[in-house]
Amino acid sequence: MLVLITYDVNTETAAGRSRLRKVAKQCTNYGQRVQNSVFECNMDAAKCRQVKAILEEIIDKDKDSLRFYYLGDNYKNKVEHIGAKPGFDVTETLFI
């Protein structure tokens, strides 16, 4: 299923900037960055629970926030892209 993970990490302190880097690094392990704090991740429910637990351990729940949008398997007609940075299919092979 396609899961959209978004986050907002308070970066007023060095600790906050460190949390931001850790959250972003974890998200790149599981999905593709589509905007600064937005990742599209194609994963099953078990992997999603695992990623959620990892991210919850990193953030400060009093200062930061995470959002998970569960778009399911039939997401292609639910996602529309307009503007810069061309869209892509998260299920295709990614070459780096």
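This is a predicted model: local features need pLDDT of at least 70, side-chain atom pairs count only at pLDDT 80 or more; totals for chains, interfaces and linings use all residues.

Visitor: Okay. Which residues of α1 are buried?
Guide: G16, R19, V23, A24 and C27 are buried there. Seen down the axis of α1, the buried residues fall within an arc of 130 degrees, so they line one face of the helix.

Visitor: And which ones are exposed on the other side of α1?
Guide: A14, R21 and K25 are exposed there.

Visitor: What do the buried residues of α1 pack against?
Guide: They pack against strands β1, β2 and β3, and against helix α2. In numbers, β2 is 32–35, β3 is 38–42 and α2 is 45–58.

Visitor: Back up a bit. How far apart are the end C-alpha atoms of α1?
Guide: They are 25 Å apart. Helix α1 covers residues 14–30, which makes 17 residues. At 1.5 Å a residue, the helix should span 24 Å, so the two values agree.

Visitor: New topic. How many residues does the largest nonpolar core have?
Guide: It has 17 residues. I5, Y7, V23, C27, M43 and L55 have the most contacts inside it.

Visitor: Which elements each supply at least two residues of this core?
Guide: β1, α1, β3, α2 and β4 do, with β4 being residues 65–72.

Visitor: Which one gives the most?
Guide: That is α2, with 4 residues.

Visitor: You mentioned L55. What is L55 in contact with?
Guide: Leaving aside neighbours within four places in sequence, L55 is in contact with I5, V23, Q26, C27, L66 and F68. I5, V23 and C27 are also among the core residues with the most contacts.

Visitor: Now R19. Is R19 buried or exposed?
Guide: R19 counts as buried because its relative accessibility is 12%, and buried means under 20%. R19 is found in helix α1.

Visitor: What is R19 in contact with, beyond its neighbours in sequence?
Guide: Beyond four places in sequence, R19 is in contact with V9, N10, I58, I59, D60, K63 and D64.

Visitor: Last one. Which residue does the "binding site" annotation cover?
Guide: It covers D8, according to an unreviewed UniProt entry. D8 is found in strand β1, residues 2–8.

Visitor: Is D8 buried or exposed?
Guide: D8 counts as exposed because its relative accessibility is 52%, and exposed means over 50%.

Visitor: And what does D8 touch?
Guide: Not counting residues up to four places away in sequence, D8 touches D64 and S65. D64 is also in contact with R19.

Technical notes:
Residues are numbered from 1 along each chain as its sequence is written. Side-chain values use heavy atoms; hydrogens and water are left out. UniProt positions are given in the numbering used here, feature names are shortened, and annotations may be inferred rather than shown by experiment. Buried means under 20% relative accessible area, exposed over 50%, partly exposed in between (1.4 Å probe, protein chains only). Contact means heavy atoms within 4.5 Å. The expected span of a helix is 1.5 Å times one less than its number of residues. The arc is that of the directions from the helix axis to the C-beta atoms. A nonpolar core is a set of buried Ala, Val, Leu, Ile, Met, Phe, Trp, Tyr and Cys residues joined through side-chain atoms within 4.5 Å.
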